[in-house]
Amino acid sequence: MTTPQYSPAPTRAPALYVSGFVDRETDGAVVPFSFRLPCPPAWDDRLPGAWAAERRARRAYFATLDSLRTGAVNPLETAKMERLIGDLRSQTARASMSHFQRVIRFVERWGAGAVVPSPPEPMAAVVITAPPNPSGSSRPPELASRHQWALDWLSTRRFVVTKGLRVEWRVRRATPPAGIPSLGDAQAAVDSDR
């Protein structure tokens with residue numbers, strides 16, 4: 001069985017592209033299931049000064065992903081996120097949080113239910129295409145560590161199985177100009193870096 005390919009739009013913010021397969025409930029056929037999630041916040045320029053800031057950022061990240069999953073926005077969590085943005089000293093983390101605000105505004109405008117619907121059954125294997133790490137290392141352990149919050153969310157919201165999950169990490173190397181087909185955004189797999 002081949003992996004479904006999810007071709008991201010060239011002008012979008014850095015994101016995680018998740019692809020897998022699910023069993024269709026009606027006839028039992030196996031169909032591709034793909035979606036896009038914002039990347040977890042990163043403190044590339046400055047580590048969080050306190051564990052509490054990281055905990056608040058994780059809560060804001062989960063609230064953003066939950067709004068995509070449910071199509072509903074929690075105003076209390078949105079207000080907490082705004083306060084957190086004012087408290088953050090890391091420019092990269094602040095930029096991520098500002099992106100989360102844009103995602104939440106999109107969900108509010110969407111108004112048609114879930115933007116990222118839940119699969120009927122948790123997936124046992126997924127391919128996650130991530131943006132390259134600023135540090136330059138794109139080996140699977142580094143990618144898994146950097147994007148652990150996304151994996152945690154996928155697991156707790158039953159998008160993926162909690163035990164025995166097989167994750168293949170790929171790196172999205174470059175964005176082609178608009179209108180030019182990508183030569184497999186995710187084909188430059190991390191295998192060469194192992």
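Trainee: Does Trp153 count as buried or exposed?
Mentor: In this predicted model, local features need pLDDT of at least 70, side-chain atom pairs count only at pLDDT 80 or more, and totals for chains, interfaces and linings use all residues. Residues are numbered from 1 along each chain as its sequence is written, and side-chain values use heavy atoms, leaving out hydrogens and water. Buried means under 20% relative accessible area, exposed over 50%, and partly exposed in between (1.4 Å probe, protein chains only). Because its relative accessibility is 0%, Trp153 counts as buried.

Trainee: How many aromatic pairs does the rule give?
Mentor: Rings of Phe, Tyr and Trp (its six-membered ring) pair if their centres lie within 6.5 Å; planes under 30 degrees apart count as stacked, over 60 as edge-to-face and the rest as tilted. By this rule, the count of aromatic pairs is 7.

Trainee: How many residues apart in sequence are the parts that Tyr61 and Phe100 tie together?
Mentor: These two residues form a tilted aromatic pair, 5.4 Å centre to centre with 45° between the planes. Helices (H or I, at least four residues) and strands (E, at least two) are DSSP runs, numbered from the N terminus. Tyr61 lies in helix α1 (residues 51-70) and Phe100 in helix α3 (residues 91-110), so the distance in sequence between the parts they tie together is 39 residues.

Trainee: What is the angle between the planes of Trp153 and Phe159?
Mentor: Phe159 is buried, with a relative accessible area of 0%. Phe33, Phe35, Trp153 and Phe159 form one aromatic cluster. Trp153 and Phe159 make a tilted pair at 5.0 Å centre to centre, and the angle between their planes is 35°.

Trainee: Which strands stand at the edges of the open sheet of 4 strands?
Mentor: The strand order is β2-β1-β3-β4, with mixed pairing; two strands pair if DSSP finds at least two bridges between them. A strand with a single partner has one side left without a neighbour in the sheet, so the edges are held by β2 (30-38) and β4 (166-171).

Trainee: What angle does the direction of helix α5 make with that of β2?
Mentor: Axes are lines fitted to C-alpha atoms, for helices over the stretch in contact, and angles run from 0 to 180 degrees between N-to-C directions. Neighbouring strands of the sheet are turned by 20° against each other on average, direction ignored. Helix α5 (residues 148-156) packs on this sheet, touching β1 (15-23), β2, β3 and β4, where contact means heavy atoms within 4.5 Å. The direction of α5 makes with that of β2 an angle of about 135°.
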